[in-house]
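Hi everyone, thanks for making time for this.

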Amino acid sequence: MSEKTYDLIVIGAGPGGYVAAIRGAQLGLKTALIDKEEKLGGTCLRVGCIPSKALLHSTEQYHFLKEKSEAHGIKVDNATVDVSTLMKRKDEVVNKLTGGVAMLTSKRGIDNIHGEARLAGGGKVIVKSSKGDENLTAKNILIATGSSIVELPFLPVDGKTVVTSDHAIAFDSVPEKLVVVGGGAIGLELGSVWARLGSEVTVVELLPQIAPTFDSDISKLLQRLLKKQGLKFELGAKVTGVKKEKNKHFLTAEKNGKELTFEADKILCSVGRKPNTEGLGAAEVGLKLDERGRVHVDDHFRTNIPGVFAIGDVVKGPMLAHKAEEEGVACVELIAGKAGHVNYDVIPNVVYTDPEVASVGLGEEAAKEAGIAVNVGKFNLAANGRAIAVDSTDGVIKVIADKKTDRLLGVQMVAHGASELIASAVAHMEYSGSAEDFGRTIHAHPTISESMKEAALAVSGTSIHQ
Ligand code: FAD
């Protein structure tokens with residue numbers, strides 16, 4: 001068996017792992033990057049963030065042509081969608097980006113190794129592939145193995161009727177009736193994609209609100225807007241299983257002691273993701289996992305085994321690509337003796353529906369729960385000139401500031417382009433800005449971003465356009 005020695009071995013080439021490997025190479029570490037999949041980029045690039053956004057974009061164009069263009073004087077008779085072309089474009093986007101990661105990492109002198117890795121103790125990693133086993137050793141090993149889909153025991157995934165997001169980004173035709181189990185980001189985004197293409201979509205959610213990490217007023221507004229687009233919602237309903245009658249499938253659920261049934265051609269199970277630690281040799285080498293099966297790490301991404309670190313979806317914290325990336329960079333900087341750091345108070349969170357929903361920092365409800373007195377400023381997009389000009393007046397910006405100090409604690413919004421707008425709030429919070437600082441910051445006119453400034457001014461009752 002051949003044996004290679006590195007300064008850093010990264011297991012998992014998702015956004016956490018590949019970014020960490022690049023940072024390692026930049027810092028002069030001899031680095032290997034291992035993934036069991038041929039395509040680099042992990043969940044995010046292969047079956048997550050990127051393919052879902054490609055589909056959201058294409059279907060948004062279609063929805064505009066079908067539902068909105070006539071009001072702009074643009075008449076398109078019989079706009080139709082060819083699902084195979086739509087999917088082909090999505091695949092091309094994925095291939096371009098996964099190929100880009102391979103190119104970037106090779107260019108930096110990183111050894112890309114294909115195979116399934118497991119810890120073997122004493123700085124050793126064994127990589128199993130069709131070529132046989134390969135032994136690698138390193139002073140530093142970074143686990144970035146990500147997460148995979150959670151299945152419900154009473155709703156077994158068969159890939160045909162009961163499906164996961166991996167399948168729902170690749171349907172070859174538009175399902176007539178799609179039932180989405182789980183009203184989080186993934187369910188709402190993929191539900192939107194297929195609703196725009198003509199599916200009758202029902203979202204069944206256990207909690208009393210969709211997008212539960214957002215304030216309830218933001219979540220309710222989103223629900224109302226998605227309802228206008230044809231999505232149906234059944235909240236507070238506990239899914240119990242799936243049954244087949246006369247060749248038709250039904251999702252069953254229970255709400256207030258009553259059984260509900262939803263006819264479905266496809267049932268998308270999007271109830272969350274679980275950390276990938278299986279096959280990693282965790283038990284064999286004594287790697288400590290936490291109560292939720294995630295790799296246990298301290299504030300410097302150190303596991304209980306000296307020289308073994310972990311970041312991204314496989315550790316605590318929000319399962320987001322940008323969180324994984326920042327952790328990857330910080331962890332490798334710490335390994336290289338630098339002062340790597342992640343500011344967990346300012347991780348933006350986005351649901352890419354139309355309009356999008358975005359937040360950073362504390363919501364009004366979370367701040368109140370934490371016993372912090374707040375001032376809240378809101379600005380409705382219906383009063384924003386650009387939003388009116390571009391026909392995107394559905395939405396609101398909400399700024400939450402500390403009542404005593406005026407420090408910006410958080411921003412939540414429903415807005416067209418919220419994923420881009422949230423960046424300026426993140427920057428203000430990163431530099432501990434106040435609502436007044438934000439309100440006095442010049443924003444170009446006419447832009448929807450002016451609503452951010454107006455909402456910040458509204459904190460002190462000095463908003464101009466409402
Ligand atoms: P991953 O991306 O999961 O990568 C882990 C890699 O490790 C994988 O490539 C896997 O093959 C490899 N691996 C695992 N075990 C081994 C092993 N033993 N040996 C070798 N290789 C191994 N996040 C956002 O921030 N924005 C979004 O818009 C967004 N949209 C999403 C949409 C969908 C449909 C899904 C499913 C997820 C979405 N996410 C989004 C979440 C995002 O994909 C994850 O948070 C992110 O990919 C986590 O990065 P990671 O590097 O920790 O792990």
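First, some housekeeping. This is a predicted model, where local features need pLDDT of at least 70 and side-chain atom pairs count only at pLDDT 80 or more, while totals for chains, interfaces and linings use all residues. Residues are numbered from 1 along each chain as its sequence is written.

UniProt, in an unreviewed entry, lists a "binding site" that includes Gly-182, Leu-188, Glu-205 and Gly-272. The listed residues span 91 residues in sequence, yet no two of their C-alpha atoms are more than 14.4 Å apart, so they gather at one spot. Do keep in mind that such annotations may be inferred rather than shown by experiment.

Let's look at two of them. Leu-188 is in helix 6, residues 185-196; helices here are DSSP runs of H or I with at least four residues, and strands are E runs of at least two, numbered from the N terminus. Is Leu-188 buried or exposed? Leu-188 counts as buried, because it has 27 C-beta neighbours inside 10 Å. The rule is 20 or more other C-beta atoms within 10 Å for buried, 12 or fewer for exposed, and partly exposed in between, with C-beta atoms placed from the backbone. Gly-272, in the loop between strand 15 (266-269) and strand 16 (273-275), is partly exposed, with 13.

Now the ligand. It is surrounded by 36 residues, and the closest are Gly-12, Gly-14, Gly-42, Gly-146 and Gly-312; a residue is near if its C-beta atom, placed from the backbone, lies within 6 Å. Helix 9 (321-335) is one of the elements that supply at least two residues of this shell.

So what does helix 9 look like? Helix 9 has 15 residues and reaches 21 Å from first C-alpha to last, close to the 21 Å expected at 1.5 Å a residue, counting one less than its number of residues. Twelve of its 15 residues are buried, among them Lys-323 and Glu-325.

Last, the core. The largest nonpolar core has 131 residues, and Ile-9, Leu-142, Ile-143 and Val-399 have the most contacts inside it. Such a core is a set of buried Ala, Val, Leu, Ile, Met, Phe, Trp, Tyr and Cys residues joined through C-beta atoms within 7 Å. In soluble globular proteins, nonpolar side chains tend to be buried together.
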